[in-house]
Amino acid sequence: MSVVSPGAGAPNLSSGAISGRRRFSNHLATAFIALSVILAVIPLALVCYYVLAKGASVVSWEFLSSDVPRSPRREGGGIWPAIVGTLLITGAAALMAIPLGVLGAVYLNEYGKNRPLARVIRTMADVMTGVPSIVMGLFIYVAWVTQVGSQSGFAGALALGCLMLPIVIRTTEEILRLVPDDLRQASAALGARRWRTTVTVVLPAAVSGITSGAMLAVARAAGETAPLLATIGLVYTANYSLMEGNTALPMLIFRNAAQPFDPAQQRAWGAALALVVIVVAFTIIARVISSRFAIKDY
Amino acid sequence: MNRNVLSRRVLAGVALAALALAGCGNNDEEPGAGDSSGAASEFADLSGELKASGASFPDAYYQAAIEGFAEVAPDVNITYNAVGSGTGKEEFGQGLTDFAGSDSLVKEGQGPKAGEFLYVPTVAAPITVSFNVQGVDKLQLSPDTLANIFSRKIKTWGDAAIKADNPGVNLPSTNITVVHRSDGSGTTSNFTKYLDAASDAWTLGSGDTVNWPSDTQGGEKNTGVAQLLKQASGSIGYVDLSDAKATGLKFAAIKNKDGQFVEPSLEAATAALEGAEIAEDLSYNPLNAAGAQAYPITSPTYLLIKTKYDDANKAKLVKGFLTYLLNDGQKLAEGEDFAALPQALKDKALAQVAKI
Amino acid sequence: MTQTLEKPAPPADKSLSSRGGGATGDRVFAALCVTAGVAVLAILALILFTTTQQALPALRESGLGFFTGADWIANDPDGDGPAGPTFGARAFIFGTFVVSAVALVVAVPISIAIALFLTELAPRRLRAVAVTVIDLLAAVPSVVFGLWGILVVAPALVPVYDWLHGAVGGVPVLGSIFGPPVSSGRSFMTAGLILAIMIVPIITSISREVFNTVPSAHKQAAVALGATRWEMIKGAVMPHSFGGLVGGVMLGLGRAMGETIAVALTIGAATQITANVLQSGNALPSVIAQQFGESSGVHRSALIGLGVVLFVLTVIVNLLARVVVRRAEIRMKGTAK
């Protein structure tokens with residue numbers, strides 16, 4: 001069969017047919033897009049560079065294990081109380097928010113589905129992710145700290161928990177939606193109750209997604225400063241109790257960022273490095289878990 | 001900064017050595033404290049916790065005193081949180097803290113109730129007017145010029161009024177950036193009180209915060225102001241001497257009541273204290289003091305203590321700490337760039353503490 | 001041959017299920033889940049209720065002037081001047097608005113471009129790298145951005161601002177927007193730039209989702225008609241995605257309005273209303289963060305009042321954004337997610 005070559009009236013499909021103006025605007029758009037990607041990478045690279053360069057010069061085992069100096073102009077000292085505080089408070093917040101969030105997502109996906117109440121809760125959970133973190137801190141200050149009378153690590157954990165709750169609910173709901181219905185139906189056919197199905201079949205199938213969502217929420221909470229401002233007070237030595245005042249890495253950075261003394265600024269960079277390492281580690285592990293152990297389609 | 005650390009450690013060591021050595025002699029400097037070796041062992045027996053908060057102005061000195069006290073009373077854990085005089089008074093009034101630090105006096109309806117607390121003067125220090133102007137190392141300012149700069153009636157460094165105060169100095173014509181406190185502060189209170197008293201050109205009143213003109217900058221705590229001054233060229237602001245020196249700022253000599261331009265220093269502060277009148281409740285006002293050597297912007301600072309503590313151990317702890325602070329603790333003041341109290345005031349303060 | 005099936009014995013109880021106990025187990029669990037879900041609503045309602053209650057003393061004192069007054073004096077000064085504390089949030093509302101506007105102007109074009117890159121242009125391997133970069137950008141805590149901003153960016157931008165002011169100072173409108181810069185570098189502009197970096201991830205991810213839903217039939221038709229890639233994007237992708245993009249931008253706006261720490265450190269702390277973005281100002285969340293630790297009494301109530309204002313504003317923006325995004329999704333996919 002012979003190939004039909006385009007006749008005289010057929011369109012010219014070569015790229016030469018595009019007018020100069022059109023070609024130019026195409027190239028311009030492509031250039032702008034490429035430039036934008038670079039513009040997004042530059043700040044990240046700069047921040048990482050500064051945190052690494054300035055933080056690494058001050059971080060050492062001694063730095064990580066010493067107490068916070070009472071006077072900001074003192075050399076030396078360390079961030080151990082802040083690390084303890086961050087781990088304690090974020091851990092407590094996770095313990096409160098993750099079970100509650102998973103149960104809420106179970107309600108939205110298994111029981112509520114498209115009913116009006118579930119739709120309202122879904123919208124409000126989205127809205128709640130947008131509530132400024134400082135408002136969460138003020139809320140817990142008003143509702144808990146003033147009632148109890150003193151600031152405490154627990155109050156900070158409550159504030160961070162409120163912050164984490166909508167994130168956990170939304171990510172868990174997305175994951176539960178991905179669990180194939182066949183699993184639920186098979187379980188029901190075997191005679192299991194709804195709750196039994198959910199707890200023993202659906203949740204385990206979704207556990208990787210739930211874990212990764214929870215870790216992202218924890219990473220976000222560990223980096224938050226504003227909710228802790230009004231709720232946890234200040235200490236200079238490590239405090240292992242949640243019921244008294246405490247300090248945390250973001251608070252330490254915030255306090256030292258506005259100091260004129262070099263030792264204080266260096267401690268801030270060191271603490272920033274520690275915080276970034278923790279947060280990035282959680283984020284990367286979360287992404288790895290969600291991609292490696294994703295729910296397979298049956 | 002290293003010098004401060006070194007000299008503070010040396011002074012703390014000297015204080016300890018003095019305590020130990022003074023055991024055999026009588027100390028006629030401390031009529032109320034009795035035998036010093038008794039005092040040393042008295043501190044060593046103390047144990048417990050004290051919570052305190054308040055002014056950031058004397059924070060560097062209080063932290064040094066707390067650390068010095070921890071060396072003679074190792075079982076006592078004291079936390080002083082520099083949140084500002086206003087919050088310090090509130091928390092003390094609500095019973096959240098055992099004592100409070102404040103540069104300003106307690107007003108009606110604010111903090112503890114009258115009759116339930118006592119003022120204990122602790123140290124004093126100059127409030128410097130620090131500046132950051134390229135090419136200018138020394139500056140002299142009169143109260144009227146100062147008032148006009150901080151109320152933004154004078155906007156550039158090359159203004160005639162500044163030139164008049166500084167004959168022969170080459171001033172650039174850059175804009176002035178005024179830096180003040182963004183938080184409620186006893187330092188602001190004392191600085192504006194001084195401007196109120198010393199200059200008729202000052203119309204913004206005085207207080208823990210005032211209505212600064214909108215094109216000025218705010219820094220949080222003395223250290224935030226110091227940081228801003230260091231970073232912004234052409235700026236001027238008020239910072240306590242301790243932080244200004246530690247940050248490496250330059251400060252201006254201010255014209256005092258006697259017409260002399262005096263630089264802020266511990267000697268000039270002490271000179272201002274000696275002229276000040278002490279009220280019944282031990283509050284005193286060294287601002288705009290008379291005396292040729294006096295630095296006019298010297299700020300007092302107090303610790304507020306309860307007249308009666310429900311917990312007897314707390315009363316002992318507070319008494320112990322304050323006694324230490326007013327005796328050997330005073331030696332630490334100079335290392336942190338604070339002026340120790342003159343003898344008469346110190347005796348009255350010790351008597352006040354004994355009332356608990 | 002028929003197989004005889006053994007007939008199973010009839011179940012002892014009427015309900016066919018035997019695993020998991022009776023109906024009470026189900027009811028208890030369901031109740032637990034409903035409570036957890038309703039907790040979200042309860043918390044939101046509690047936030048509004050309790051914070052407004054605590055803010056009442058200040059609101060009563062200042063009345064409507066709380067929202068419209070331009071002065072913010074926290075303690076009552078002695079001597080000349082107003083007799084009591086004055087709380088007026090106008091300068092802070094203005095500051096929030098300006099900083100968010102700067103952030104959006106910078107972030108939106110960049111985010112949309114990155115989203116286009118990820119959906120249309122990128123080869124697969126580069127796409128994974130770019131997605132990782134955006135994720136990491138979202139993961140960096142805001143206090144680290146603030147630290148970097150106040151110690152590195154603000155001083156570094158001072159000569160840039162000086163040059164900018166020198167270059168456009170004479171031009172009528174631009175000259176007043178880029179007026180004399182503040183010498184510390186802490187200004188609306190610096191805070192806005194840092195904020196832009198922080199909201200790029202959220203706008204990018206929403207835009208990506210939106211662009212992914214464009215039917216490839218439309219895109220292929222455009223290309224078949226001879227469109228260049230840019231023309232295909234302009235003609236087939238953009239009109240389809242416009243609603244979703246608006247929603248994404250509004251979500252970015254909500255995030256920008258609520259960002260506290262990075263703005264608190266880089267905006268300077270001046271209570272001023274000025275068109276000059278190179279000057280210092282203050283924004284709602286940052287003034288709360290700056291003044292809360294030292295506040296007491298009516299001052300603290302006033303700060304909580306600012307928190308209420310901020311809460312209401314961000315809830316409204318977020319609600320509108322979600323409505324816009326849902327509406328666009330319905331239009332595109334035929335059903336809500």
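Reader: Which residue does Asp26(C) form a salt bridge with, and how far apart are the closest N and O atoms?
Author: Asp26(C) pairs with Arg193(A), with 3.8 Å between the closest N and O atoms. A salt bridge here is a side-chain nitrogen of Lys or Arg within 4 Å of a carboxyl oxygen of Asp or Glu. This is a predicted model, where local features need pLDDT of at least 70, side-chain atom pairs count only at pLDDT 80 or more, and totals for chains, interfaces and linings use all residues. Residues are numbered from 1 along each chain as its sequence is written, chains are lettered from A and ligands numbered from 1 in the order in which they are written, and side-chain values use heavy atoms, with hydrogens and water left out.

Reader: How many salt bridges are there between chain A and chain C?
Author: Five between chain A and chain C. Over all chains the count is 21.

Reader: What about Arg22(A), what does its side chain meet?
Author: Glu231(C), in a salt bridge of 2.7 Å, N to O. That pair crosses between chains, with Arg22(A) in helix α1 of chain A and Glu231(C) in helix α9 of chain C. Helices are DSSP runs of H or I, at least four residues, numbered from the N terminus.

Reader: α9 of chain C, then. What is its end-to-end distance?
Author: Helix α9(C) covers residues 229–258, 30 residues, yet its end C-alpha atoms are only 37 Å apart. A straight helix would reach 44 Å at 1.5 Å a residue, the expected span being 1.5 Å times one less than the number of residues.

Reader: Where is the kink centred?
Author: On Phe242(C), with a kink of about 60 degrees. The bend is the angle between axes fitted to the seven residues ending at a residue and the seven starting there.

Reader: Back to A and C. What area do they bury?
Author: Chain A and chain C bury about 7,100 Å² between them, 78% of it on carbon and sulfur atoms. Buried area is the accessible area (1.4 Å probe) lost when two parts are put together, summed over both. Ile33(A), Phe139(A) and Arg193(A) supply 9% of what chain A buries against chain C, more than any other three residues.

Reader: And how many residues are in the contact?
Author: 81 residues from chain A and 79 residues from chain C, with contact meaning heavy atoms within 4.5 Å.

Reader: Now chain C and chain B: how many residues, and what area?
Author: The contact takes 30 residues from chain C and 35 residues from chain B. About 2,400 Å² is buried between them, 39% of it on carbon and sulfur atoms.

Reader: How many salt bridges there?
Author: Zero between chain C and chain B.

Reader: Which helix of chain C gives the largest share of the side touching chain B?
Author: α5(C), with three residues.

Terms used
Helices (H or I, at least four residues) and strands (E, at least two) are DSSP runs, numbered from the N terminus.
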